[in-house]
Amino acid sequence: MSRPHPPWARLGSLPRLAWIGFGVVVLLLAAVPVLGWWPTKTGAPDAAWSAADVDTPPPVAPIDGTACAANAHGMAGFTPVSALDLPERNDPKRPLALLFDRAGAVAGGFDRIGYCLELTGPTGTQWVWTAMSPFTTDARRLGLPTRAGQIVRQRIADLEVATNAPGLATGTGLTGYLEMWPNKYGPVNSGQVPGATTDRYDADDDVYSSIGYGSFQVHTIAATRPAAAAPQTVLAVNGFTSDVQPLSVGIGTAPTGQPDWTAAGNAGTYTQRRLTVYARASVLTVGQHPRDRQLYPRDAAGGAVVPVAGKATDPRVRAVRLKVVSGADGWDETVPIGPGGEFAFRQRITAALREYRFELHVLGDGVARRAALWEGVVSGDVYVIQGQSNAVAASHRGSSIGEESPYVRSFGSTTGDRVLSGADRTWNYAVSGTVRQPGSVGQWGIRAAHRLMDTYQVPVAVINGAESSKVVSFFQRNDGNPGDLRTNYGRLRQRLSAANVIGEVRAVFWYQGEADNNNATGHVAGFTALLTDWRREVGFRTAGGTRYYVVQVGSSPCGNTSGGPLREAQRRMVDTLKVTVLSTTALSGREDCHFAWEQGYRELGDQAFAVLARDIHRGPSEGVSAPNPRSAAFTDARRTQVVVQLRSTDPLTVRAGAGTDFTIDGSTATVTAVEYREGGRLVLSLSGPADGATGLSYRGDAGPWCVNATGVGLLAFKGLPIGAA
């Protein structure tokens with residue numbers, strides 16, 4: 001749904017920053033976090049290791065002239081990378097100039113970053129210090145983002161906050177959320193942040209494609225969803241790519257106006273506005289590791305191996321310790337640094353409703369610290385949804401609130417914008433109340449995923465690549481560049497590759513065809529090519545293979561439910577393409593081309609769950625297959641009765657009046673009654689002899705319907721030949 005947006009979300013862009021660097025001499029101090037909370041698998045540390053290997057941090061001393069350095073703890077070992085005196089407003093004729101640029105000092109890598117914002121006004125200087133795991137490996141990207149694609153929307157598990165501002169929560173190990181981009185943005189949220197709103201600018205806003213306002217925000221948020229408490233802004237610098245509006249800056253949540261200081265235009269109320277960027281140089285590189293909230297596809301043994309491997313870059317590093325926590329359980333393994341500085345772990349996790357937290361610690365004289373943290377790691381199954389608007393499955397009437405779960409995940413964003421899509425490389429919680437957003441999977445997608453997770457106690461990831469109102473050719477692969485972000489196929493493929501699940505997808509659902517305007521030939525050719533590409537590079541590589549499902553459209557084009565060759569061609573894909581076809585005929589919650597939640601997307605999600613339960617988990621099979629005719633024949637020489645033999649013998653319920661959706665093609669005879677008989681047979685009584693009959697058709701749009709035990713309706717068909725008696 002489109003929403004009006006205020007003027008500040010539509011303003012001009014900021015020229016590229018002029019980077020002016022000069023040397024700054026700083027003292028680097030080692031940070032030593034707490035270690036040694038469990039005995040290791042491989043025994044106690046070597047007794048010859050010094051006390052610096054364990055739990056005594058050095059005294060904190062100021063490392064530069066900021067108020068944060070003079071007052072905040074926890075800054076030991078951080079190097080000031082850059083500093084910027086923020087202007088009252090951006091002037092494109094006078095580019096912003098850094099006070100210093102020392103990105104080269106941490107060019108070898110960094111394992112923690114920090115920010116100090118100082119605002120001096122009539123009542124003195126207000127400051128805030130915040131530190132976290134890095135969101136990038138490029139030190140040049142730590143400051144204000146000014147170029148296309150520099151977009152960060154990311155949850156942080158280890159946020160540290162210190163400040164002299166009243167009312168702002170402080171401490172370590174806080175949960176945070178970052179919103180950093182040069183783009184315009186609106187207030188609609190993604191559903192990733194507990195307590196965020198859809199109508200105010202806060203910790204979860206909707207970034208737009210074009211540059212022209214700019215957000216640089218850090219927030220604290222609740223650790224779990226749902227949450228009664230609203231997010232709290234830690235620091236905000238907004239409007240730095242606007243050529244019109246004054247900058248909007250703040251520490252803590254704004255007391256009036258927008259909570260995140262958007263459009264406050266208040267930079268002129270401070271005599272000094274300085275943002276200093278810090279980084280802590282790393283002592284090792286980690287080439288293999290999990291990511292926050294990552295889902296690893298489960299293997300035949302019911303879990304996955306999570307590799308953590310890298311190389312020490314500082315000769316003082318003697319060993320590396322990996323600590324893994326899941327609920328009340330914990331595992332602890334220490335390995336010495338090998339030849340060439342290399343180290344490696346292979347931790348197995350179980351595909352169950354349990355999250356794993358990984359901590360990587362460094363041991364050695366003067367370098368002992370926690371070097372990395374990854375939370376919420378799980379193992380489970382991956383599914384893909386693709387197609388047009390009914391695959392997007394936005395909310396039209398009613399919603400799937402209550403279907404979300406921390407064990408239902410997604411990766412990246414469904415946006416059709418190639419820059420936004422390429423920038424979003426994070427694992428998210430699956431949501432269904434939004435579209436084009438991180439984690440969006442659609443109404444029926446989240447219903448099916450939640451039921452799978454809940455029934456079989458296995459986490460689920462759904463990656464939805466659908467885009468509304470698109471013809472089948474829109475979804476095709478660029479064979480010369482399969483990962484082309486200008487194509488829908490390339491955007492989906494890149495998401496699967498970046499998530500490390502390509503080739504590990506359990507099932508793919510295809511729901512498209514309304515936009516093809518009943519062009520069955522073009523639709524079949526396009527989907528056949530697409531299916532061939534999926535089977536080549538997306539499909540599951542282990543025994544059993546990937547399952548492919550096609551949802552038979554209710555109309556093509558939208559509003560035309562008279563049947564036609566496209567719906568018939570989709571029904572025949574059971575034989576022609578060896579896929580499973582799902583039905584939409586008995587969904588009474590139809591909203592023109594789309595569906596309401598009740599008697600619509602909810603029931604379609606149940607149908608998707610049932611076929612996956614049968615095919616992936618060996619669940620019940622009765623009443624799962626969509627009723628599908630195999631043949632039809634007259635039962636008498638007068639041609640007054642037709643029997644339809646179904647492929648399945650599952651019993652059907654035929655509701656009174658179901659005959660109105662059947663048509664005897666080429667004849668004036670009508671179907672007056674429909675009866676189900678044992679053995680998978682539908683008996684149709686006609687109003688008279690069906691002279692001239694050329695076939696039998698079924699629209700399934702108006703109802704009443706013929707449904708199986710789980711409420712799945714008879715597939716629509718067109719021109720089914722009628723054999724002689």
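Reader: Is isoleucine 616 buried or exposed?
Author: Happy to start there, keeping in mind that this is a predicted model. Isoleucine 616 has a relative accessible area of 16%. Buried means under 20%, so with its 16% isoleucine 616 counts as buried.

Reader: Which helix is isoleucine 616 found in, and which residues does isoleucine 616 touch?
Author: Isoleucine 616 belongs to helix α8, which covers residues 597-617. Leaving aside residues up to four places away in sequence, its contacts are Arg298, Asp381, Tyr383, Arg506 and Arg547.

Reader: Which element gives the most to the largest nonpolar core?
Author: That core has 74 residues, and Trp444, Leu496, Phe509 and Trp534 have the most contacts inside it. The element that gives the most to this core, with 10 residues, is α8.

Reader: Which residues does tryptophan 444 touch?
Author: Residues up to four places away in sequence are not counted here. Among the residues that tryptophan 444 touches are Ile385, Asn390, Phe509, Tyr511, Tyr601 and Leu604.

Reader: How many residues are in the second, separate core?
Author: This core includes Val81, Phe110, Leu275 and Ala279. Its size is 40 residues.

Reader: How many bridges pair strand β3 with strand β4?
Author: Strand β3 spans residues 110-121 and strand β4 spans residues 124-132. A hairpin through 2 residues joins β3 to β4, and tyrosine 115 has threonine 130 in β4 as its bridge partner. The two strands pair in the antiparallel sense, and the number of bridges is 9.

Reader: What is the bridge partner of tryptophan 129 in β5?
Author: Strand β5 covers residues 152-163 and runs antiparallel to β4, joined by 4 bridges. In β5, tryptophan 129 is partnered by alanine 162.

Definitions and conventions
Residues numbered from 1 in each chain as written. Predicted model: local features only at pLDDT ≥ 70, side-chain atom pairs only at ≥ 80, totals over all residues. Heavy atoms only, no water. Buried < 20%, exposed > 50% of the residue type's maximum accessible area, 1.4 Å probe, protein only. Contact = heavy atoms within 4.5 Å. Core = buried A, V, L, I, M, F, W, Y, C linked by side-chain atoms within 4.5 Å. Pairing = 2+ DSSP bridges.
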